[in-house]
Amino acid sequence: MGVLQQGLSAFTRKHGLGVACFIGLSVFVWVVFLIVLPQLSMLDFSFRYNLPRAEVGGPADVYTLDNYAYFFQGNDGTFNALDIGILVKTMVAAVIVTVIDIAICYPIAFILAHSATGVAARLMVIGLIVPFWVNEILRAFAFRVLFGATGLVNSIGLSAGFWDVPIDFIRADVALYSGLVYAYILLMIFPIFNAVEALDRNQIEAARDMGASWWRVHWRVVLPIAKPGIVSGATMVFMLTAGALAAPQILGGPSNLWFTQLIYQWFNESANWQRGSAYAVVLLVVCISFVMMLMRVFKVSIGEIGR
Amino acid sequence: MTTKDIKLDHVSIRFGAFTAVDNAHLTIKGGEFFSFLGPSGCGKTTLLRCVSGFTEPSEGTVSIGGKDMRGVGPNKRPTALIFQNLALFPLMSVAENIAFPLEVRGVGRKERRKKADELLDMIALPGVGDKKVHELSGGQRQRVAIARALAVEPDILLLDEPLSALDLKLRHHMRTELRAIQQRVGLTFIYITHDQGEALTMSDRIAVMNAGVIEQIGDPETIYNKPKTAFVASFVGETNAISGKVTSQSDGIVSVQTPLGVLKGTAAGGRHYKAGDECFVFVRPEQLGLVGAPGAIQSMDNQLTVQAVKEEFEGNARHLFLNAQGQDLRLSRTNLGGVSDHLAGQAVQVGFAADQAIVLPHGSLAGA
Ligand SMILES: Nc1ncnc2c1ncn2[C@@H]1O[C@H](COP(=O)(O)OP(=O)(O)O)[C@@H](O)[C@H]1O
Ligand SMILES: [Mg+2]
C-alpha cells in the first residue's frame with residue numbers, strides 16, 4: 001500500500017493534480033465499467049434460474065448451481081457427453097490452430113527480423129497487415145468460396161489432376177482451420193518478431209562457427225530467446241480461437257459445433273441467458289486454467305509475456 | 001602443437017563496387033601470434049570473416065594447411081572466431097556456453113561439464129560454471145569467450161578486437177593474459193585491433209592495414225622503427241610529420257627542403273630519391289631533443305628554433321607542444337623527477353639526429 005501511495009504522490013507531483021485525476025478516473029471507469037461489472041453480472045447471471053420476467057427479483061429468484069450442473073450432467077443427471085465433448089473438441093482444435101500458427105509464424109518472424117532488409121521487409125509487413133483491413137466476416141466467406149466444391153482450390157486440384165472428385169473441404173474442417181489459422185496470424189508473428197529481433201546476429205554466427213547445424217542453432221540459440229514471444233502469441237491465439245464465433249459459424253462443417261456456438265444458442269435461440277452465462281464462465285475458466293498450466297510446463301512467468 | 005599455415009593468395013573482397021580488402025597476399029605461420037592493425041573501417045573484420053568462412057573472397061584464395069578453403073563453411077574450418085562483442089549466449093550458463101561446441105559434437109553431458117570445468121581452470125575462473133553470463137565482469141566474459149573458442153580445439157583462433165569493450169587497466173592486463181594463453185596452448189592467433197599498443201606488445205608479426213590495403217608486414221620493432229609508408233609511420237606510435245621536397249641524397253642520408261629549412265633524414269629501406277621528390281620527414285617525439293639539455297642527443301644534425309606552446313605532464317613523460325612557423329611539433333621527455341623547467345611561451349632550440357629521422361615518399365597520413 002505504501003508503495004502505491006508513494007507512486008501516486010510522485011505521479012501527482014510530476015504531472016499535476018488535473019492529469020492525475022483524469023488518468024485515475026479513466027482507469028477506474030475502464031476497469032470497473034468495462035471489465036469488472038459486466039463480468040460480475042455474467043457471473044451473477046450464471047448462478048440464477050431462468051425465470052419469467054415477472055418473477056425476477058421475487059422470492060423464487062435465488063442462487064443455484066443448476067446451470068453448471070446442467071453442463072456436467074445434462075437433464076437426466078448423467079454425464080453430459082455432448083456438451084463436454086464439444087468443449088473438449090473446441091480446446092483440441094484451438095490447440096491445433098495455435099500449434100499451426102507457431103509453425104507458420106516462427107519462420108516468418110525470424111526471416112523478418114534477421115534476413116529481410118529494406119524494401120523486402122517492408123513489403124512483407126505490408127503483405128501481412130493489409131489483408132486484415134478486410135473484415136472478419138468477409139474474410140471467412142472468402143475462405144468458404146476458396147474451399148467450396150466449385151471453389152478455387154478444387155478447380156485447380158481437379159484441372160491439374162491431383163484428385164478426380166471435388167473434395168469437401170468444409171466438412172473436413174480444412175476451411176475452418178485455415179480460416180482460424182489465418183485470422184490470428186499477426187497476433188503470433190509480432191510477439192515472436194519482437195522477441196527474436198533482440199537476438200544478436202553474431203550469436204547465430206558464433207553457433208554456426210562452432211559447428212552447430214541450423215536445427216541446433218534454432219533449438220539452442222533462437223528458440224530460447226523467442227520463447228516468451230511464442231508463449232505470448234500462443235496465449236492470445238489460443239484464447240481468441242477458443243472464443244471465436246464468426247469463423248466456426250461460417251466455415252464450420254454442418255455436424256461440427258464450436259463451444260461458442262453452444263453459448264450463442266443458449267443466449268439467442270433458447271433465450272436462456274443464465275445458462276449461456278454459465279457456459280461462458282465454464283469456457284473462460286477452462287481456457288485460463290489451460291493456459292496457466294502450459295505456462296507452468298514451459299516455465300514462463302506472466303511477467304515475461306508482458307514484455 | 002599444430003603447424004597449419006594460413007595462406008592468403010591475392011585475396012580481394014568487394015561489396016558491390018566497394019573494395020573492402022584489396023589484394024591481401026601473405027602467409028601466417030602455424031603457432032604465430034599475428035595481428036592486423038588498422039583504423040576502424042579499414043577492412044579488418046571483413047578479412048577475418050573471410051578466413052573464418054563467413055565471407056568468400058571475391059578474388060584470390062584462402063588456404064589453411066595447404067588446403068583450399070573455397071566452399072568450406074565456417075563450421076568445417078579449423079578456426080574459431082571470437083566476435084567483437086563476444087556473442088556469448090545470454091540464456092545459457094557459463095559452463096553451457098563453454099561446452100556448446102562439445103554439445104554440437106555430441107559429447108555427453110557429464111563429459112561436457114568436466115571439460116568446461118577444465119577450461120574454466122585454465123582461464124583462472126574456477127567455480128563460475130553455474131553462473132549466468134550477465135553475472136560476470138567484462139574481463140571474465142572475455143576469458144569465457146576464449147575458453148568457449150578453445151573448447152572446439154581449433155588450430156587457429158581468430159580474435160576481433162576482443163579487448164575493445166574493457167577499461168584501460170583490464171585491457172593492459174588482458175594483453176599479458178592473452179599472450180600467455182597463446183603461448184600455453186601453442187595455437188595460431190590471428191588478432192585484429194585498431195590499438196597499436198595491443199598489436200606491438202602481443203604480436204610476433206603485424207600487418208598494418210589502411211583502406212583495405214596491407215601496407216606493411218613485419219615484427220613489432222620493424223613496424224615501429226622502420227615504417228615503409230607514410231601511413232604506417234604516422235599510424236603506429238606518435239610522430240611528427242614534416243612535409244618537404246628532396247634536394248639531394250648522399251648514401252642513406254637525404255636532405256629535404258621544408259618550411260623549417262633543410263632537414264636531414266635517413267632514406268627508409270635503402271630507397272633512392274631524386275631531387276624534387278615530394279616526401280615527409282618523420283621524427284618521433286622521443287627522438288626530438290632540447291639542445292643543450294643534460295643527456296640530450298649528441299649529434300643533432302638538425303637544429304630548429306621553435307616556440308614552446310604548452311607543456312603536458314603525463315606522469316612518466318612530459319610532452320612539449322611546439323610551433324615552428326605554423327608547423328606543430330611534439331617533443332616528449334622521460335620524467336626523471338625534478339621540477340618542470342616551465343618552457344611554455346618561450347623560444348627553445350630543438351634538434352634531432354639524421355639517423356633517427358625517416359624520409360618517406362608522400363602518402364596518406366593516419367587520421368588526416
Ligand atoms: N556486408 C557488408 N556490406 C557492405 N559493406 C560492408 C559489409 N561489411 C563491411 N562493409 C564495409 O567494409 C568496410 C570495412 O569494414 P570492416 O571490415 O568491418 O572494418 P574494420 O573491422 O576494420 O573496422 C567498411 O567500410 C564497411 O562499411
Ligand atoms: Mg571490425
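The model is predicted, and the values below are computed from it. Between them, chain A and chain B bury about 1,800 Å², and the contacts involve 16 residues of chain A and 24 residues of chain B. The count of salt bridges between chain A and chain B is four.

**Extent of the interface**

- The size of an interface is often expressed as the accessible area that is lost when the parts come together.
- For chain A and chain B that area is about 1,800 Å², with 57% of it on carbon and sulfur atoms.
- On the chain A side, A:Asp209, A:Met210 and A:Arg220 together supply 40% of the area that this chain buries against chain B, which is more than any other three residues supply.

**Polar and charged pairings across the interface**

- Among the four salt bridges between chain A and chain B is one in which the side chains of A:Arg216 and B:Glu103 meet, at 3.3 Å from N to O.
- Nine residue pairs are in polar contact between chain A and chain B, counting pairs in which both residues are at pLDDT 80 or more.

**Where the chain A side comes from**

- The elements that give two or more residues to the side of chain A touching chain B are α10 (201-209) and α11 (214-242) of chain A.
- Of the elements on this side, α10(A) gives the most, with seven residues.
- By residue class, the side of chain A that touches chain B divides into seven nonpolar, three polar and six charged residues.

**Annotated spans of chain A**

- An unreviewed UniProt entry carries the annotation "transmembrane region" for residues 17-37, 92-113, 119-138, 145-163, 175-196, 230-251 and 278-298 of chain A.
- Residues 278-298 of chain A are 95% helix and 0% strand, and here the end C-alpha atoms lie 30 Å apart.

**Chain B as a whole**

- Chain B contains eight helices and 20 strands, and its C-alpha trace spans about 75 × 50 × 35 Å along the principal axes.
- Of the 368 residues in chain B, 51% are buried.
- Among the contacts in chain B with a separation of 6 or more, 66% are between residues 24 or more positions apart.

Note on methods
Residues numbered from 1 in each chain as written. Chains lettered and ligands numbered in written order. Predicted model: local features only at pLDDT ≥ 70, side-chain atom pairs only at ≥ 80, totals over all residues. Heavy atoms only, no water. Contact = heavy atoms within 4.5 Å. Buried area = accessible area lost by both parts, 1.4 Å probe. Polar contact = N/O pair within 3.5 Å; in protein donor to acceptor, adjacent residues only side chain to side chain. Helix = DSSP H or I, 4+ residues; strand = E, 2+ residues; numbered from the N terminus. Nonpolar A, V, L, I, M, F, W, Y, C, P; charged D, E, K, R; others polar. UniProt positions renumbered as here; feature names shortened; annotations may be inferred. Buried < 20%, exposed > 50% of the residue type's maximum accessible area, 1.4 Å probe, protein only.
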